[in-house]
Amino acid sequence: MVAEMRMIKWICDYTRIDRIRNDAIRDLVKVAPIEDKMRESRLRWFGHVKRRSVDAPMRRCEMINIPEGKRARGRLKKSVDEVIREDLRIVSLTENLAHDRKLWRDTIKIVE
């Protein structure tokens, strides 16, 4: 995110000395936040995977049960399922909407 804002400021020919807020620069350039664009691409991929047949290799990997056991120290990494679930909650969608491609695409574009 820092690198992204540096590039946007560089495009606009602003420096930190100008002390212009990131939101103002982002509105000036009309660029969506990188988190929203990443969420959009993850949800697009999720819809693509859900529309595949159940026999597709990616869908079979979905059904693999990971055994619970002792994990490494420190903060646990989120699984893909947790990230997708959080993205669906933020955009207020359900998994069932993944099959309706037009509705799915229109809803994801709201983020822009």
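A residue counts as buried under 20% relative accessible area, as exposed over 50% and as partly exposed in between, with a 1.4 Å probe and protein chains only. The structure is a predicted model, in which local features need pLDDT of at least 70 and side-chain atom pairs count only at pLDDT 80 or more, while totals for chains, interfaces and linings use all residues. Residues are numbered from 1 along each chain as its sequence is written, and side-chain values use heavy atoms, with hydrogens and water left out.

Seven salt bridges are found in a search of the whole structure, a salt bridge being a side-chain nitrogen of Lys or Arg within 4 Å of a carboxyl oxygen of Asp or Glu. One of these joins Glu95 to Lys50, at 3.8 Å from N to O. Glu95 is located in the loop between α5 and α6 (101-108) and Lys50 in helix α3, so the pair ties together parts that are 45 residues apart in sequence; helices are DSSP runs (H or I, at least four residues), numbered from the N terminus. Lys50 is buried at 14% relative accessibility, whereas Glu95, at 42%, is partly exposed.

Asp87 and Arg42 also form a salt bridge, their closest N and O atoms being 2.6 Å apart. Asp87 belongs to helix α5 (residues 80-91) and Arg42 to helix α3, so this pair likewise ties together parts that are 45 residues apart in sequence. Asp87 is buried, with a relative accessible area of 3%, and Arg42 is partly exposed at 27%.

Within helix α3 (residues 34-51), Lys37 and Glu40 lie three residues apart, about one turn of the helix, and their side chains meet in a salt bridge of 3.5 Å, N to O.

How values were computed: Helix = DSSP H or I, 4+ residues; strand = E, 2+ residues; numbered from the N terminus.
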